[in-house]
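Please find below a note on the model under review. The points are numbered so that each may be checked against the coordinates.

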Amino acid sequence: MTEKINALKAEIAALTAASAAEVEQLRIKYLSKKGAVSQLFNDFKQMTPDEKRQFGAPLNELKNFATEKIASLKDAVEATDSAESMVDLTRTAAPMPLGTRHPITLVRDEIVAIFSRLGFTIAEGPEIEDDWHVFSSLNFAADHPARDMQDTFFINRTPDVLLRTHTSSVQTRVMEHTQPPIRIICPGRVYRNEAISARAHCFFHQVEALYVDEHVSFADLRQTLLYFAREMFGPKTQIRLRPSYFPFTEPSAEMDISCNLCGGKGCSFCKHTGWVEILGCGMVDPNVLDACGIDSKRYSGFALGMGIERITNLKYQVKDLRMFSENDKRFLEEFTAAH
């Protein structure tokens with residue numbers, strides 16, 4: 001009996017199975033009523049009391065060993081079947097390269113995230129606009145050069161229908177239907193009738209911000225600009241504001257940042273001045289507030305706008321604007337690490 005138990009135990013230990021059907025066949029062969037283990041128990045019934053005391057424990061150990069072995073084979077087969085069911089048979093054998101986000105998208109999302117931390121929300125508007133929202137409501141004079149065909153794409157030569165030249169039109173639409181406080185950021189594509197070159201394009205992207213409330217001052221604007229510049233270009237970034245002119249803001253300014261390549265010491269990128277211009281800004285002209293139905297005697301506000309391509313150039317040193325729209329895979333793959 002001892003030889004039979006040991007031989008059967010060794011046989012069971014060497015069992016393997018590749019499918020659930022094979023596991024079931026092994027269970028029937030060894031653990032069913034007519035199985036090999038059960039046959040030994042039938043022989044056990046014919047033994048003398050002394051023999052039963054000698055072989056009872058080994059037989060029980062054999063049965064438990066066989067049960068655990070069959071169970072382990074079943075678990076292994078089920079795990080294999082589950083893993084195989086998760087395989088996507090439609091995938092190609094070769095690895096598929098991951099795509100990358102466009103650098104304009106990366107920078108736009110970063111700008112929006114910075115202003116979101118200041119409480120600004122996103123506002124959007126149509127790219128096909130009318131004269132009122134693009135020009136007249138923003139205090140553009142009837143003979144302003146920006147209305148000229150050299151700058152603006154008019155649709156079917158209709159003076160009142162055009163492709164927006166800036167996202168300020170979104171600001172006027174919001175102000176027409178919303179009373180202060182207003183705190184919005186307006187990202188979007190704009191169009192201007194310009195010759196395409198390394199420094200200019202007929203379409204590009206802007207982000208403009210507007211804040212209108214009681215007691216908004218130029219100091220609020222400056223602090224917002226400083227926060228943005230340091231979040232975007234680094235905590236050591238300095239800013240300066242130079243007087244400028246825009247029809248929809250008064251006073252108006254251009255903002256420069258200390259060159260992030262030379263640290264303000266002067267290099268070819270900043271033309272050895274130590275400063276790089278990045279955006280225009282100013283206090284919202286009272287005429288604009290009144291035109292949009294907001295009481296300019298009670299409320300004030302500031303507005304700012306920047307070209308996303310310009311910020312991207314500064315952040316990644318991309319010197320040719322045409323690369324942003326040519327869809328060159330080699331160029332786009334350079335931004336994989338920026339995600």
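1. Basis. This is a predicted model, in which local features need pLDDT of at least 70 and side-chain atom pairs count only at pLDDT 80 or more, whereas totals for chains, interfaces and linings use all residues. Residues are numbered from 1 along each chain as its sequence is written, and side-chain values use heavy atoms, with hydrogens and water left out.

2. The sheet of 7 strands. Helices (H or I, at least four residues) and strands (E, at least two) are DSSP runs, numbered from the N terminus; two strands pair if DSSP finds at least two bridges between them. An open sheet of 7 strands runs in the order S1-S5-S6-S10-S9-S8-S7, and its pairing is mixed. Strand S1 (121-122) and strand S7 (239-246) are at the edges; each has a single partner strand, so one side of each lacks a neighbour in the sheet. Strand S8 (residues 249-258) and strand S9 (residues 275-284) run antiparallel and are joined by 8 bridges. Within this pair, Met255 has Leu279 of S9 as its bridge partner.

3. The sheet of 3 strands. A further open sheet has 3 strands in the order S2-S4-S3, with antiparallel pairing. Its edge strands, strand S2 (128-130) and strand S3 (154-155), each pair on one side only. S2 is joined to strand S4 (residues 158-163) by 3 bridges in the antiparallel sense: Asp130 has Val161 of S4 as its bridge partner, and Ile128 stands opposite Leu163 in S4. On the other pairing, S3 and S4 run antiparallel with 2 bridges, and Phe154 is partnered by Leu162 of S4. The hairpin of S3 and S4 has 2 residues between the strands, and Asn156 in this hairpin takes a positive phi near 55°.

4. Thr158. This residue is found in strand S4. Thr158 counts as partly exposed because its relative accessibility is 31% (buried means under 20% relative accessible area, exposed over 50%, and partly exposed in between, with a 1.4 Å probe and protein chains only). The C-alpha atoms of Thr158 and Ile28 are separated by 87 Å, the two residues being 130 apart along the chain.

5. Thr167. Where does Thr167 sit? Thr167 lies in the loop between S4 and helix H7 (168-177). Its relative accessible area is 0%, so Thr167 is buried. The side chain of Thr167 reaches the backbone oxygen of Cys186 at 3.3 Å. Leaving aside residues up to four places away in sequence, Thr167 touches Cys186, Pro187, Gly188, Val190, Gln206 and Glu208 (contact means heavy atoms within 4.5 Å).

6. Helix H7. Of the 10 residues in H7, 7 are buried, and the helix is mostly covered. The buried residues are Ser168, Ser169, Val170, Gln171, Thr172, Val174 and Met175. They pack against S2, helix H6 (131-134), S5, strand S6 (203-213), helix H9 (286-291) and strand S10 (300-307).

7. The cavity. On a 1 Å grid over the protein atoms alone, a cavity is a set of points where a 1.4 Å probe fits but cannot get out, and a pocket is an open set with protein on both sides within 12 Å along at least five of seven lines; lining residues have an atom within 4 Å of a point. Grid points are joined across faces, edges and corners, and a volume is the space filled by probe spheres set on the points. The structure holds 1 cavity of 30 Å³ or more, and the largest cavity has a volume of about 50 Å³. The largest cavity is lined by Leu138, Gln171, Met175, Leu210, Phe248, Val284, Val288 and Ala303. This lining comprises 7 nonpolar, 1 polar and no charged residues (Ala, Val, Leu, Ile, Met, Phe, Trp, Tyr, Cys and Pro count as nonpolar, Asp, Glu, Lys and Arg as charged, and the others, Gly among them, as polar).

8. The second largest pocket. This pocket holds about 160 Å³ of space. Helix H5 (103-116) and strand S5 (182-191) are the elements that give two or more residues to its lining, and H5 gives the most, with 5 residues. The lining residues include Arg108, Asp109, Glu124, Pro187, Gly188 and His205. By class, the lining of the second largest pocket divides into 5 nonpolar, 3 polar and 4 charged residues.

How values were computed: A polar contact is a pair of N or O atoms within 3.5 Å; within protein, one must be able to donate a hydrogen and the other to accept it, and residues adjacent in sequence count only if both atoms are side-chain atoms.
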